[in-house]
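The exercises below ask you to read a protein model step by step. Try each task yourself before you turn to the solution.

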Amino acid sequence: MPRRASEEEINVYYEHHFPRDAFCALLSRKWLGGCQLHRREIALDLHNGAFLRTQSVSSPHELLRLFRSKRPAKVHTGAVFSDNPSFKKRGVYVQPTHRELVFDIDINDYAAYGVDADDLDACNAAWPLVAFGLHVVKLVLKRHFGFANGIVVYSGRRGAHLTIFDKRACELSDEARSAIVAMLQPGGSAEKPHFDPLVRAPCFARIFKENVLVFFESTCILPRREGGLGVLDTERDRQDFLEIFTYREKVRPLRVSGMNPSEAWWCIKEYVRDARFSDSAERAFKRAVLTYTWPRLDANVSKQTNHLLKAMFSVHPKTGLVCVPVGNVATFKPERCPSVAGLV
């Protein structure tokens with residue numbers, strides 16, 4: 001079980017184990033023909049609670065000097081500015097010009113599951129939900145916008161973020177970023193999301209059939225003891241689902257009491273299939289499934305060009321884990337994430 005990293009361990013990690021060359025190469029965007037590293041904002045959370053924005057470096061060696069002088073607990077990255085962001089302190093007018101398009105998913109934002117953000121074991125067990133959310137976002141971005149170059153980074157505790165590096169994505173205005181988020185997100189609140197706009201969207205039917213429903217049946221209703229999410233495990237779980245699935249016929253009540261998860265799911269699908277008002281039943285069915293599966297995004301992270309993001313390879317001080325890039329989100333195991341203590 002990971003433990004909170006000590007200040008000394010974190011300092012040693014940033015000085016001796018942080019992959020500065022790879023980190024700076026990624027921030028510099030050299031593949032576009034010129035280095036942008038010196039115009040990239042870096043922000044630091046310090047051990048004493050102070051927070052420093054508008055830091056910048058022009059090389060991995062300068063990054064090491066910054067780490068040695070400031071001794072950060074956590075590292076964040078921001079936008080590429082019109083000039084060195086540290087010039088702001090001299091009164092020079094600089095502004096953000098572009099930034100990667102980022103999508104952040106945290107498991108505690110899925111209200112239907114009630115996962116405590118401070119319970120690392122519960123967050124780890126719910127990783128398949130985060131992984132599926134990232135898969136859906138990547139699918140929509142590639143299919144409808146042509147964005148294909150992205151990296152997923154584990155947050156070190158309750159989720160992950162997807163960073164899109166395509167040139168067109170980085171140059172999007174805040175308004176365009178907001179429009180993409182609006183396309184991906186349900187209306188309403190986290191506790192009572194409204195999925196009707198998604199259900200009616202022309203592109204949605206294929207995603208629901210080929211991805212959402214397959215994931216729900218393979219993982220969500222699979223019992224917890226078998227490694228699934230256990231959506232229909234207990235009587236309380238089944239009643240919670242039926243409260244979300246609001247379609248009812250007075251002459252034909254829907255009862256799943258005393259059934260195991262697979263029996264209850266078969267009964268619900270049969271009820272929808274034989275419904276008198278099939279369109280209404282189908283919409284209610286899709287809304288219920290989406291409530292448990294559709295990705296929940298931290299909208300501000302995606303909308304604002306000037307928003308900061310916890311950096312790849314940063315430490316998560318509360319867990320002592322390193323925010324590592326994830327190759328295959330479906331097979332990634334958060335409990336195997338490297339810790340600062342282990343590295344040091």
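**Exercise 1.** Which element supplies the largest share of the lining of the largest cavity?

*Solution.* Before starting, keep in mind that this is a predicted model, in which local features need pLDDT of at least 70 and side-chain atom pairs count only at pLDDT 80 or more, while totals for chains, interfaces and linings use all residues. Residues are numbered from 1 along each chain as its sequence is written, and side-chain values use heavy atoms, with hydrogens and water left out.

A cavity is a set of points, on a 1 Å grid over the protein atoms alone, where a 1.4 Å probe fits but cannot get out, and its lining residues have an atom within 4 Å of a point. Helices (H or I, at least four residues) and strands (E, at least two) are DSSP runs, numbered from the N terminus.

Step 2 is to find the space itself: the largest cavity has a volume of about 210 Å³, where a volume is the space filled by probe spheres set on the points, and grid points are joined across faces, edges and corners. Of its 18 lining residues, Leu 27, Thr 77, Thr 163, Phe 165 and Leu 309 are the closest to the centre.

Step 3 is to compare the elements. At least two lining residues each come from helix H2 (20–28), strand E3 (72–81), strand E6 (150–154), strand E7 (159–164) and strand E10 (309–310), and the largest share, three residues, belongs to H2.

**Exercise 2.** Describe the residues that line the second largest cavity.

*Solution.* Step 1: this cavity has a volume of about 30 Å³. Step 2: its lining consists of Ile 107, Cys 123, Asn 124, Trp 127, Val 130, Tyr 154, Arg 157, Arg 158, Gly 159 and Pro 334, and the elements giving two or more residues to it are helix H4 (120–125) and H5. Step 3: sorted by type, the lining holds six nonpolar, two polar and two charged residues, where Ala, Val, Leu, Ile, Met, Phe, Trp, Tyr, Cys and Pro count as nonpolar, Asp, Glu, Lys and Arg as charged, and the others, Gly among them, as polar.

**Exercise 3.** In what order do the four strands of the open sheet lie?

*Solution.* Step 1: two strands pair if DSSP finds at least two bridges between them. Step 2: the order is E5-E7-E6-E13, with antiparallel pairing, and strand E5 (101–106) and strand E13 (325–326) are the edge strands, each pairing on one side only. Step 3: five bridges join E6 to E7, with Val 152 opposite Leu 162 and Gly 150 opposite Ile 164. These two strands form a hairpin with four residues between them, and Gly 156 in the turn has a positive phi of about 95 degrees. Step 4: E6 also pairs with E13 over two bridges, and Val 153 has Pro 325 as its bridge partner there.

**Exercise 4.** Which residues have the most contacts inside the largest nonpolar core?

*Solution.* Step 1: a nonpolar core is a set of buried (under 20% relative accessible area, 1.4 Å probe, protein chains only) Ala, Val, Leu, Ile, Met, Phe, Trp, Tyr and Cys residues joined through side-chain atoms within 4.5 Å. Step 2: the largest one has 98 residues, and Phe 241, Phe 245 and Trp 265 have the most contacts inside it. Its largest share, 11 residues, comes from helix H5 (residues 127–145).

How values were computed: Buried < 20%, exposed > 50% of the residue type's maximum accessible area, 1.4 Å probe, protein only. 1 Å grid on protein atoms, 1.4 Å probe; cavity = no way out; pocket = protein on both sides within 12 Å on 5 of 7 lines; lining within 4 Å.
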